[in-house]
Amino acid sequence: AVVSTQSTGTLERTEKVTKSRKMKKLGKRVQEEVLKARQQEKKAVMEKVKKIRKGKTEAEEVDNFEINEEPETKQRPLSIKEMNRKRKAKDSKYGFGGKKKRAKTNTQESYKDVSSFSSRIHSKPKRSAKNDKRMAGKPQRPGKNRRAQMKGSKGKKK
């Protein structure tokens with residue numbers, strides 16, 4: 001009895017495998033047919049398009065074949081209120097239009113306005129006696145000719 005149950009189990013498995021193979025082959029065949037049908041349809045459409053472009057068509061063929069010049073869009077057009085709201089949001093974020101290139105040039109008003117000028121910051125520091133002494137105290141480096149002469153005089157002393 002044990003042997004018969006094992007043999008029936010193997011028979012069921014083999015039947016399932018053969019069935020799945022047949023289904024796979026059938027599926028492939030159906031897929032190929034669908035692809036062929038699509039290719040034939042595409043070919044027919046392309047031929048009609050060529051004929052229409054050349055202008056060698058009968059009135060019947062042109063009526064059957066429809067061309068949508070404008071693709072259908074899913075978006076609905078914005079109403080005027082929505083457009084204004086969007087424009088206002090962008091203006092507040094990025095600023096309203098106007099001239100960009102020459103915005104930083106000096107105008108008469110900006111030239112005459114000296115409110116931001118501070119003599120403490122923008123003027124040269126006054127020369128004091130301390131600064132003069134420091135500058136005077138540093139010995140100045142001799143020029144190229146003078147250094148060459150000094151080198152030569154040192155060499156001659158030996």
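Q: Why is Val34 called partly exposed?
A: This is a predicted model. In it, Val34 has a relative accessibility of 36%. Buried means under 20% and exposed over 50%, with partly exposed in between, so Val34 counts as partly exposed.

Q: What makes Leu26, Val30 and Val34 a patch on the surface?
A: Nonpolar side chains are joined into a patch within 5 Å, provided that each residue has over 30% relative accessible area and no salt bridge. Val34, at 36%, is over that cut-off. Leu26, Val30 and Val34 form a nonpolar patch with about 230 Å² of accessible area together. Val34 itself lies in helix 1, which covers residues 2–54.

Q: How do you know that Asp91 forms a salt bridge with Arg87?
A: The closest N and O atoms of the pair are 3.3 Å apart, and the cut-off for a salt bridge is 4 Å. The contact therefore qualifies as a salt bridge. The structure holds one salt bridge.

Q: Why are Asp91 and Arg87 separated by about one helical turn?
A: Both belong to helix 3, where they are four residues apart. An α-helix has 3.6 residues a turn, so residues three or four places apart point the same way. Arg87 is partly exposed, its relative accessible area being 46%.

Q: How do you know that the reach of helix 3 is close to the expected value?
A: Helix 3 has 15 residues, 80–94, and reaches 21 Å from its first C-alpha to its last. The span expected at 1.5 Å a residue is 21 Å. Just after this helix, Gly95 takes a positive phi of about 95 degrees.

Q: Why does Lys144 count as exposed?
A: Exposed means over 50% relative accessible area, and Lys144 has 69%, so the term applies. Lys144 lies in helix 7, residues 144–157.

Q: What makes the surface patch of Arg141, Lys144, Arg147 and Lys151 positive?
A: Lys and Arg count as positive, so the patch formed by Arg141, Lys144, Arg147 and Lys151 is a positive one.

Q: What makes up the pattern of the chain along the sequence?
A: The chain follows α-α-α-α-α-α-α, with seven helices and zero strands. Buried residues make up 2% of its 158 residues.

Note on methods
Residues are numbered from 1 along each chain as its sequence is written. This is a predicted model: local features need pLDDT of at least 70, side-chain atom pairs count only at pLDDT 80 or more; totals for chains, interfaces and linings use all residues. Side-chain values use heavy atoms; hydrogens and water are left out. Patches are made of residues with over 30% relative accessible area and no salt bridge: like charges are joined within 9 Å, nonpolar side chains (Val, Leu, Ile, Met, Phe, Trp, Tyr) within 5 Å. Accessible areas come from the Shrake-Rupley method with a 1.4 Å probe; for residues, only the protein chains shown count as cover. A salt bridge is a side-chain nitrogen of Lys or Arg within 4 Å of a carboxyl oxygen of Asp or Glu. The place of a charge is taken as NZ of Lys, CZ of Arg, CG of Asp or CD of Glu. Helices (H or I, at least four residues) and strands (E, at least two) are DSSP runs, numbered from the N terminus. Buried means under 20% relative accessible area, exposed over 50%, partly exposed in between (1.4 Å probe, protein chains only). The expected span of a helix is 1.5 Å times one less than its number of residues.
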